[in-house]
Amino acid sequence: MDTMKGLKRTNYCGETEGVGKTVVVGGYVQKIRDMGTLIFIDLRDRTGIVQLAFDETTERSVFEKAASCHSEYVLMAKGTVRERESKNDTIKTGNIEIFVDDLRILAKAQTPPFEITDKTNVNEELRLKYRYLDLRRGPLQENIIKRSKIAKSARDYFEENGFIEIETPMMIKSTPEGARDYIIPSRIHNGKFYALPQSPQIYKQLLMISGFDRYIQLARCFRDEDLRADRQPEFTQIDLEMSFVDVEDILEMGEGFVKRLFKDVLDVDIPTPLPRITYKDAMERYGSDKPDTRFGMEICDLSELVEDCGFGVFTSAIESGGSVRAICAKNAAGTLTRKEIDKLTEFVRGIGAKGLAYIRWVDDAPSCSFAKFMTEDELNAIIEKCGAEKGDVVFIVADKNSTTLSTLGALRLKVAKQLDIIGDGFNFLWVTQFPFFEYDEESDTYVAMHHPFTMPEDDCIQYLESNPEKVTAKAYDLVLNGTELSSGSIRINDYELQQKMFKALGLTEEEIAAKFGFLVEAYKYGAAPHGGMGIGLDRIAMIMCGADSLRDVVAFPKVQNASELMSNSPDVVDEAQLKELGIKIDIQEEK
C-alpha cells in the first residue's frame, strides 16, 4: 500500500481551480471510466468531485495503478489542472480536470453493500447499518456541514449579545419533567442512580441565581420516549436563560437569532417582528398548538348554526358541552372522491373521533352525508359559514372540544398534503399565553403543561387554587412550518409563589424536598427575575436542510425502537459489570 510521503494536500476536490497550477488532492473513488488508452477517475471528498485524467503520455506505473482502482479506494493524486474537453455543468469543477503525474493508493476497499450516490433508493435500515458509508453521500455530508454552520451562527450571535457559554452536568438527579429518564447506576453509591438530563432546566435557573445573568449552551438532552420523524432519544438544543427580563425581552432575543441564523446559513431574510397567536386562537383556528400557516383551511365553529337542527350527532355533542366545527378544502372535490373521503373517515376514527360528516360539491347541487336530517336553509347556512363553493369539500366533526379541534387539526394537515397546497418558505410564529395547567384524565388531577417553575400571568395568580383552568402562563413556543422549534417561559423567582405552585400541583412537602429541594433552597437566597427557552438544533437543521427526518441531520441516529443499527446499541453487558453495580436482570417476556 502506498504512503503519503512527499505529498501534502493543497486543494479539496470540489474547490480545485487554476488552469496550469500543480495541485494535490485526496479522496474516495466515485467512478472510473477506463477506455484503454484513456482513464478518468472521479475523485470525491466532502466538497465535491474532481476528474483525474490519465493517457498514453502518463508514466506507465501511474497509469497501471489508475487502472487497478475500484470504487471507494482512497487515493491521493498530484497533477496539473487543465481545461476539460468534455465539460460537465452538473458539478462545480466541471470545466477542469487534473492531469495526474503521481498517484498513491492509500487504502483499498471491498465492494460496498450499496452504491455511494447522491440519490438512492436503498433501504434505510441497510444504510443505517453501514452509516459510515451512507455519510459519504453528498446530501448527508451537506446536511451535517450545514448543521455545523447553524451551531457556529448560534454561538456567534449569543456571544455578541453578552451570553456566557456554560456546561451543565450530564449525570444529574432524576426529577420529573414529563418524559421518562434514562438512568445510570452508580458503582460507588450502590443502589442509587444518576439520570441523563431531559434538559438543563434546573441548572440554568441555578446559574441565574448564581448571578451569571445570560447563559447559553448547546446542550445534549435525553428522553426515553417513543420516537417519530421529528424526535430522537438524544438531541441537542440551543439552551439559553436571561435575568432581569420579561417575555418581550426573550422573544426579541429569539427573533434576532432566527433572523441572523437564516441570513448566515441560507442567505434568507426573515422579516421581523414574527407573527404571534395565542394558544386559544391557535387551537380554535388550526386545531394545533404548533400550526402550519403556509396554507389556509382554518377551522370554523358551526355550533350556533346547528344547535337546534334535527341532526342528533350535532345537537348531542353541543348539549354535552362540546362543539361542531368544520374545515373547507377549496377545489378539492375532484381529488377527494367518495372513496378518498371514506379513507379520511377511517383516519379520523383512528385518532379518536366518532366519525366525519361532509359536504362535497361537484354538480350543481352539493352532496351532503347528513342532508336528510337538515333543512335546505340549515345546509345553506353551513355552506355560507364555511365559505364553500362549487368544487369544494367541507369536513365536519362533532364531539367534545378537545377531540373536535385536534381531529380537524390533523385532518387539515393530511388533506393539505393530499392536495399538495402547502407552500414553500419559512413561516415562523410565536404561540403565547399557554394554559398553565392541563387536566390529566388518568390521574384525575391538574398537571403543569410546561414545568412547575413557569410563572403564571400576573392577573391569574389569584386562581391558582380556586380555578386552575383559568390560569395562563408566561410561556411561549416558537413554531416554524408546523414544527415546534422552541419552548420557553418566564420562571418563578419568588419562594412563596413557588411553594403555592407546588401545592396547586398536589405535591407534598416530602415530594417537593425530594425532587426539587436544592432549587427551592436556592430561592431562599434571592433570585432575579429570569426566563429562557430551548431551541431544538436538530429540528431547525431538519427544516433548513429540507430533510424529511431528524435522521438526515444527525450523524449517528437511532431508529424507531431507539436502537442504533450500526453499533448494535443498546446491547448486553458482562455479568461481572452487573454484579459490581448490584444489578440483576429480570427479562420480561413480550406479551
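Predicted model: local features only at pLDDT ≥ 70, side-chain atom pairs only at ≥ 80, totals over all residues.
Biologist: What makes Met283 a buried residue?

Modeller: Met283 has a relative accessible area of 17%, and because buried means under 20%, Met283 is called buried. Its place is in helix H7, which covers residues 279-286.

Biologist: Which residues is Met283 in contact with, leaving aside its neighbours within four places in sequence?

Modeller: With those neighbours left aside, Met283 is in contact with Ser288, Asp289, Ile299 and Leu405, where contact means heavy atoms within 4.5 Å. A separate comparison concerns Leu408, which is 125 residues from Met283 in sequence and 9.9 Å from Met283 in space, C-alpha to C-alpha.

Biologist: How do you know that strands E1 and E4 pair?

Modeller: Two strands pair if DSSP finds at least two bridges between them, and strand E1 (residues 22-34) and strand E4 (residues 74-83) are joined over seven bridges, in the antiparallel sense, so they are called paired. Within this pairing, Tyr28 stands opposite Val74 in E4.

Biologist: And how many bridges join E1 to strand E2?

Modeller: Six bridges join E1 to strand E2 (residues 39-45), and these strands also run antiparallel, with Arg33 standing opposite Phe40 in E2. The hairpin of E1 and E2 has four residues between the strands, and Gly36 takes a positive phi near 90° there.

Biologist: What makes you describe helix H15 as mostly covered?

Modeller: In H15, which covers residues 537-544, eight of its eight residues are buried; among them are Leu537, Arg539, Ile540 and Met544. H15 is followed by Gly546, whose phi is positive, near 65°.

Biologist: Which residues of helix H13 are buried, and what caps its N-terminal end?

Modeller: The buried residues of H13 (residues 495-504) are Leu497, Gln498, Gln499, Met501 and Phe502. The cap at the N-terminal end is Asp494, with a side-chain oxygen 3.2 Å from the backbone nitrogen of Glu496. Just after H13, Gly506 takes a positive phi of about 80°.

Biologist: How many disulfides does the count come to?

Modeller: The count comes to zero disulfides. Cys69 is in no disulfide, and the nearest cysteine sulfur, that of Cys13, is 13 Å away.

Biologist: Are Cys69 and Cys328 buried or exposed?

Modeller: Cys69 has a relative accessible area of 3% and Cys328 has 9% relative accessibility, and because the cut-off for buried is under 20%, Cys69 is called buried, as is Cys328.

Biologist: Why is the pair of Glu389 and Lys330 called a salt bridge?

Modeller: The closest N and O atoms of Glu389 and Lys330 are 3.3 Å apart, and because a salt bridge requires the side-chain nitrogen within 4 Å of the carboxyl oxygen, the pair is counted as one. This pair links distant parts of the chain, 59 residues apart, with Glu389 in the loop between helix H11 (376-386) and strand E16 (393-399) and Lys330 in the loop between strand E13 (323-329) and helix H10 (338-350).

Biologist: What makes Asp364 exposed and Lys390 partly exposed?

Modeller: Exposed means over 50%, so Asp364 at 67% relative accessibility counts as exposed, whereas Lys390 has a relative accessible area of 47% and is partly exposed. The side chains of Asp364 and Lys390 meet in a salt bridge, 3.4 Å from N to O.

Terms used
Residues numbered from 1 in each chain as written. Heavy atoms only, no water. Helix = DSSP H or I, 4+ residues; strand = E, 2+ residues; numbered from the N terminus. Buried < 20%, exposed > 50% of the residue type's maximum accessible area, 1.4 Å probe, protein only. Polar contact = N/O pair within 3.5 Å; in protein donor to acceptor, adjacent residues only side chain to side chain. Disulfide = S-S within 2.5 Å.
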